[in-house]
Amino acid sequence: SYGITSEEEVFIDFDSSLGSYITDKIIDMNAYESGTLERVIDILNNPRRSGEWGLNEAADLENIDRGTYKSEIVRSGSFLKSIIHFINWNKNKQDTGYDRFINTITEVLFELKNEVDSFKKKLQKYNLPKGHPVLIYGHKEVDFIVSIISCMSLGFPYIPIDTIYPKDRVDKIASIVKSAIKIDTIENKIDFNQSNISTSYLLSDPIIYIIFTSGSTGEPKGVQITQNSILDFGKWLNSDFGLSKDSVFMNQAPFSFDLSVYELVGFLSLGATIVLNSKDTIENHLLYFERLKKYSCDVWVSTPSFISKLLLSSEFEEKNIKSLKTFLFCGEVLPSNTVKRIKNSFPSSIVLNTYGPTEATVATTLIEITSDILEKYSKNLPVGYVKENSKINLLDIDEQNIGELEIVGDNVSI
């Protein structure tokens, strides 16, 4: 157990170059001399020629102990590679200061990987068949992420269910999927129903997740997204959105809403960072702004309606939150007035508009809303260009140019 709740600051990194899941935390700076952490990062990012480390650097590193940890942010990439370089170069050293430092860093870096490995063993004890659906119930806990990664690794489709769902809806979804397992990340327990042990959704293209929407009838409808769809989506994120391993995603949507897949796939595939926020934090806009600033979040992901009320605050401006550079929207029509207000408040930022139903793995089209676009389409903004490997057909167009969109491609659910 992490001993971390949704009320604390939680960061999870995946560094693809290392091939390991990583929880990044840094030492509580109140417990150490000011600037110590910055010194350590500077040392690790600037190794001496021939792999030699100076005496001053050694003295600084020697003073680091595990101490009291809080969830904070250390970016992946060169920092992590430098740590690994340092560990490999110094693995035969006997100095206790170095040993203590190495043990501390490696313990922190691989905590998430260890948690995933441990939780996978728990799930394997139930002898579930490949393709067995697993319910995950909770709200922004780090164990929710651990559960998702574990299910993906073991070939179990996961069904994310947030606490915002009423009990009758949760029960309805459980009866539909017929899962033997429900992971409760709030109570830290697993409920087991032996009668459903034989359920399997095994396919040649494995199902990664099933997200339930209300559907046209109001009844829960499970949208099944497969591995090929996720890989296709990840490739799109990596190539067309201007994101990188240095991106810090501010998570707003619950995991039961497919908008959150932007952040999940983004930080896992890019080796970036995700900042988890509880419902209470999200509803306190001043606290939300403080977290944006504190953790230098530069990628905002939400529906247009969520940001519209926040734009009324004088605190929500570039001069106060300098890190925000990308505003990414999906799930609703993006009003031109909303973009104009963003441009006024954050003149250095870019605004990305995307479109697509849940059945098309989050989104299918993308466009940056520039000043020229705003001027040209003053009333209804375009939803963008179709992603690679997908196609949109216009069907049954009437005399008023109204019809249906048909989406074809690897991103479409089964």
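In this predicted model, Lys279 is partly exposed, with a relative accessible area of 40%. The side chain of Lys279 forms a salt bridge with Glu283. The closest N and O atoms of this pair are 2.6 Å apart. Glu283 counts as exposed, at 54% relative accessibility. Both residues belong to helix α10, which covers residues 279–283. Because Glu283 and Lys279 are four residues apart in this helix, about one helical turn separates them.

A second pair is found in helix α5 (residues 111–124). Here the side chains of Asp117 and Lys113 meet in a salt bridge, with an N to O distance of 3.0 Å. These residues are four apart in the helix, so about one helical turn lies between them. Asp117 is partly exposed, with a relative accessible area of 30%. Lys113 is also partly exposed, at 31%.

A further salt bridge joins the side chains of Lys319 and Glu317. The N to O distance is 3.7 Å, which counts because the cut-off is 4 Å. Lys319 is exposed, with a relative accessible area of 58%. Glu317, by contrast, is partly exposed, at 24%. The count for the model comes to eight salt bridges. Side chains of opposite charge can pair when their charged atoms come close.

The chain as a whole can be described next. The chain holds 14 helices and 19 strands. Of its 414 residues, 52% count as buried. Contacts were also sorted by separation along the sequence. Among those between residues at least 6 apart in sequence, 68% join residues at least 24 apart. The accessible surface comes to about 19,300 Å². Carbon and sulfur atoms account for 48% of that surface.

Two helices illustrate the packing. Two packed helices are described by the angle between their axes and the distance between the axes. Helix α8 spans residues 227–240, and helix α9 spans residues 261–270. They pack at an angle of about 75°, and their axes are 10 Å apart. The two helices are therefore roughly perpendicular to each other. On the α8 side, the contact is made by Ile230, Phe233, Gly234, Leu237 and Asn238. On the α9 side, Val261, Tyr262, Val265, Gly266, Ser269 and Leu270 take part.

Ile148 provides a view of a buried position. This residue is found in helix α6, which runs over residues 142–154. Ile148 has a relative accessible area of 4%. That value makes Ile148 buried, because the cut-off is under 20%. Neighbours within four places in sequence are left aside here. Beyond them, Ile148 is in contact with Ile136, Tyr158 and Leu264. Pro160 lies twelve residues from Ile148 along the chain. The C-alpha atoms of Ile148 and Pro160 are separated by 8.4 Å.

The surface also carries nonpolar side chains. Leu394, Ile397 and Leu405 make a nonpolar surface patch of about 290 Å². Leu394 is found in strand β18 (residues 390–395). At 58% relative accessibility, Leu394 counts as exposed. Ile148, at 4%, is buried, whereas Leu394 is exposed.

Technical notes:
Residues numbered from 1 in each chain as written. Predicted model: local features only at pLDDT ≥ 70, side-chain atom pairs only at ≥ 80, totals over all residues. Heavy atoms only, no water. Buried < 20%, exposed > 50% of the residue type's maximum accessible area, 1.4 Å probe, protein only. Contact = heavy atoms within 4.5 Å. Patch = residues over 30% accessible without salt bridge, like charges linked within 9 Å, V, L, I, M, F, W, Y side chains within 5 Å. Areas by Shrake-Rupley, 256 points an atom, 1.4 Å probe, with all protein chains shown as cover. Axes fitted to C-alpha atoms, helices over the stretch in contact; angles between N-to-C directions. Parallel < 35°, antiparallel > 145°, perpendicular 65-115°, else oblique.
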